[in-house]
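Hello,

Here is the structure I promised to pass on. My notes follow it.

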Amino acid sequence: ATEPETLVFYHKMKGDYYRYLAEIDRQEDEDEAAACYQTATEEAAKLDKTDAVRLGLALNYSVFLFEIRNEKAKACELAKDAFDAAIEELDNLPDAAYKDATLIMQLIRDNLALWNNPGKE
């Protein structure tokens, strides 16, 4: 793993941890999760747009924005931007990386479909 990938993964996991806590005890943990996800996002800019860790961050951060922060438009924008950026580079990936990226992209697309059509759960 590259150093930026390790840092992104660490901050994403830390953000996930605080997101789970925020589901119980809102504000302090919510703010900590937001800070961790933001740090991870800044580091993720150094990774390929199809990197599985970067895509996983986009997936989890968008869920946090949608479910915890209730920033639905921002969540959809983040998820759509990550999906669109990755899809442009998919053809250049080796098979293993392609599978990893497309699995996460499918989850992002599923979330977008659900979030944009809430009555069709």
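This is a predicted model: local features need pLDDT of at least 70, side-chain atom pairs count only at pLDDT 80 or more; totals for chains, interfaces and linings use all residues.

Numbering starts from 1 along each chain as its sequence is written, and side-chain values use heavy atoms, without hydrogens and water.

Helix packing. The axes of α3 (residues 52-68) and α4 (residues 72-87) come within 7 Å and cross at roughly 165°. That makes α3 roughly antiparallel to α4 (angles over 145 degrees count as such). Helices here are DSSP runs of H or I, at least four residues, numbered from the N terminus. In contact terms (heavy atoms within 4.5 Å), L55, A58, Y61, S62, L65 and F66 of α3 meet K72, K74, A75, L78, A79, A82 and A86 of α4. By class, this contact has ten nonpolar, one polar and two charged residues.

Core. The largest nonpolar core has 31 residues, and L55, L57, F64, M105, I108 and W115 touch the most other members. Core members are buried and joined through side-chain atoms within 4.5 Å; buried means under 20% relative accessible area, exposed over 50% (1.4 Å probe, protein chains only). α3 gives the most to this core, with ten residues. Beyond its neighbours within four places in sequence, M105 contacts L55, F83, A86, I87 and L90.

Loop. N70 lies between α3 and α4. N70 has a positive phi of about 60°, although it is not a glycine. N70 is exposed, at 53% relative accessible area.

Best wishes

Key
Axes are lines fitted to C-alpha atoms, for helices over the stretch in contact, and angles run from 0 to 180 degrees between N-to-C directions. Helices (H or I, at least four residues) and strands (E, at least two) are DSSP runs, numbered from the N terminus. Angles under 35 degrees count as roughly parallel, over 145 as roughly antiparallel, 65 to 115 as roughly perpendicular and the rest as oblique. Ala, Val, Leu, Ile, Met, Phe, Trp, Tyr, Cys and Pro count as nonpolar, Asp, Glu, Lys and Arg as charged, and the others, Gly among them, as polar.
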